[in-house]
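Hi,

Here is the structure I promised to pass on.

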Amino acid sequence: MLKALRSVMVTLVISNALPAARGANPQAPHPEASTVQWIALSDPRLEVDGLFWYKQNGGALNRLPLRMKDKISPPVWEQASCPSGARIRFRTDTKVLAIRLEYPSPPDMLNLHAMGQTGVDLYVDGKYRATAFADTKASPGHTYEREYFRFEKEPRMEREVVLYLPIYKPVKVLGIGIDSAARVLPARAFSMQKPVVFYGTSITQGGCASRPGLSYTALLGRMLNSDFVDLGFSGQGLGLTEEAQLVSEIDAACFVLDYGVNNMTLESLQKVYLPFLQTIRSKHPDTPILAITPIYESREFWPGGNPPPWEAMRAHIRSVVKQLREAGDRHLEVIDGTDLLGPADGDALADGTHPNDYGFRLMAERLAPRLRRLLAP
């Protein structure tokens with residue numbers, strides 16, 4: 001759904017990476033950077049979550065297994081190279097935290113600004129701190145070094161660190177910087193061992209959140225203290241057989257299916273929806289599955305014109321779920337997307353189709369009670 005709309009000129013506002021009194025280039029190395037030691041992403045003290053095939057991929061930040069590169073359509077593979085939902089987690093008592101990043105190209109989307117497309121969000125003890133992101137100079141070999149914080153006068157204390165990786169741009173994490181005396185400890189455990197797995201469209205991937213920590217999957221992860229895997233593919237969440245098979249490889253706490261509208265026609269959705277559910281259920285007979293019908297889109301209820309077939313798709317998804325439940329599947333449920341974002345929530349859309357930050361907050365808050373019930377012991 002969310003397409004990379006190319007602009008002739010990209011204007012970026014770089015956030016303040018250092019205190020204003022230092023008068024430094026916000027993304028330039030700190031003058032006291034010699035006190036920082038750099039940890040590679042492969043360091044076993046760092047936990048990388050949200051990338052189910054991360055170890056199988058040899059540490060590549062890709063959302064699908066590399067073994068499938070020639071078997072998946074190029075558009076899906078392009079979106080899979082964007083590590084939406086991936087997080088780097090650890091505990092540390094460092095007084096300095098920095099990151100080194102490399103991007104293949106600059107931000108270039110009109111309906112998602114630079115921080116939303118390329119941002120790496122820092123959350124400390126569950127609270128947002130800052131974002132590192134690319135500018136117009138981004139290219140292979142160009143390194144960004146961003147200092148998130150420097151507590152020079154405060155006493156040393158242990159903090160929980162979570163770094164959310166970009167929604168819509170591949171990235172290389174070249175190092176995490178901490179002070180030379182700091183300890184690095186394992187991240188605290190999630191409330192459950194298995195992740196919640198989301199499969200869907202650009203909305204699932206995170207478009208149009210203003211930064212990666214504000215997608216509805218990220219918000220739910222914090223609300224539920226749960227790990228999650230985001231398999232949203234912009235414009236490409238079609239529910240094809242090979243994608244259903246990949247989703248079913250994951251031992252999940254719950255599967256959330258948030259797709260439909262990428263198919264564009266009811267007939268296209270009818271061909272794939274039931275087989276997708278059957279593929280997952282064949283490997284996970286007792287795992288909860290929550291099916292979400294399409295959320296509200298502003299052009300649905302304009303008088304005249306040619307409205308999209310979302311209401312027919314909603315009816316089909318409800319019908320498929322009813323059919324399977326009547327056949328004995330008691331672990332399958334459906335929630336109407338218009339209960340998450342409906343006609344009264346027009347201001348929650350960024351471009352008439354994709355939620356903005358307010359929209360994603362509404363979706364997460366309205367989904368959380370249902371997921372809590374499904375995930376309860």
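This is a predicted model: local features need pLDDT of at least 70, side-chain atom pairs count only at pLDDT 80 or more; totals for chains, interfaces and linings use all residues.

First, the ground rules. Residues are numbered from 1 along each chain as its sequence is written, and side-chain values use heavy atoms, with hydrogens and water left out.

**Sheet.** There is an open sheet of four strands, ordered β1-β9-β4-β7, with antiparallel pairing. (Strands are DSSP runs of E, at least two residues, numbered from the N terminus; two of them pair if DSSP finds at least two bridges between them.) The edges are taken by β1 (36–39) and β7 (143–150); each has a single partner strand, so one side of each is left without a neighbour in the sheet. From one strand to the next, the twist averages 25° (axes are lines fitted to C-alpha atoms, and angles run from 0 to 180 degrees between N-to-C directions). Strands β4 (residues 96–102) and β9 (residues 172–179) are joined by six bridges in the antiparallel sense, and L97 has I178 in β9 as its bridge partner.

**Pocket.** On a 1 Å grid over the protein atoms alone, a pocket is an open set of points with protein on both sides within 12 Å along at least five of seven lines, a cavity is a set where a 1.4 Å probe fits but cannot get out, and lining residues have an atom within 4 Å of a point. Volumes are the space filled by probe spheres set on the points, with grid points joined across faces, edges and corners. The largest pocket comes to about 520 Å³. It is lined by 25 residues, and E47, V48, D49, K55 and D227 are the closest to its centre. Strand β2 (residues 47–49) gives the largest share of that lining, three residues.

**Cysteines.** How many disulfides does a search of the whole structure find? Zero, taking a disulfide as a pair of cysteine sulfur atoms within 2.5 Å. C208 is buried, at 8% relative accessible area, and C254 is buried too, at 0% (buried means under 20%, with a 1.4 Å probe and protein chains only).

Cheers

Methods: Buried means under 20% relative accessible area, exposed over 50%, partly exposed in between (1.4 Å probe, protein chains only).
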